[in-house]
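Please look at the sequence and the model below before reading on.

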Amino acid sequence: MLFIEYPKCSTCQKAKKWLDDNGFEYESRHIKEDNPTYEELKKWYEQSGLPLKKFFNTSGLLYKSMELKDKLPTMSEDEQLKLLATDGMLVKRPLIISDKAILTGFREKEWAEKLK
């Protein structure tokens, strides 16, 4: 399982503690230092069944400063994926990639249901 995080993010810290407390093994990846690639994002998006917007960090400063709330609806999926691949701070975190599920953000109930 791959756990993509921004270590300073309090939600990521909670999620990591939850994974540790529940005995999950995972590989941790720093989202800012090792941003997901276009190819990875495209694959995860297709496998997840989630709307593409769920992969965006809509509460992030970069998202807001780029005024993406207004721009995303006019962009193609391909353009959105390419944009996500430009900066890890645009990507919703934490991000879990496992053979059971691909999850964006940390909602304990959802993680418990999908990962156990």
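Is cysteine 12 buried or exposed? Cysteine 12 is buried, with a relative accessible area of 0%, where buried means under 20% relative accessible area, exposed over 50% and partly exposed in between, using a 1.4 Å probe and protein chains only. This is a predicted model, in which local features need pLDDT of at least 70 and side-chain atom pairs count only at pLDDT 80 or more, while totals for chains, interfaces and linings use all residues. Residues are numbered from 1 along each chain as its sequence is written, and side-chain values use heavy atoms, with hydrogens and water left out.

A search of the whole structure finds zero disulfides, a disulfide being a pair of cysteine sulfur atoms within 2.5 Å. The table sets out the two cysteines.

| Cysteine | Nearest cysteine sulfur | Relative accessible area |
|---|---|---|
| Cysteine 9 | cysteine 12, 3.2 Å | 13% |
| Cysteine 12 | cysteine 9, 3.2 Å | 0% |

Turning to the helices, which are DSSP runs of H or I with at least four residues, numbered from the N terminus, helix 2 (residues 38–48) and helix 5 (residues 77–84) pack at an angle of about 125°, with their axes 8 Å apart. Axes are lines fitted to C-alpha atoms over the stretch in contact, and angles run from 0 to 180 degrees between N-to-C directions. In the contact (heavy atoms within 4.5 Å), Tyr38, Leu41, Lys42 and Tyr45 of helix 2 meet Glu77, Asp78, Leu81, Lys82 and Leu84 of helix 5.

How values were computed. Helix = DSSP H or I, 4+ residues; strand = E, 2+ residues; numbered from the N terminus.
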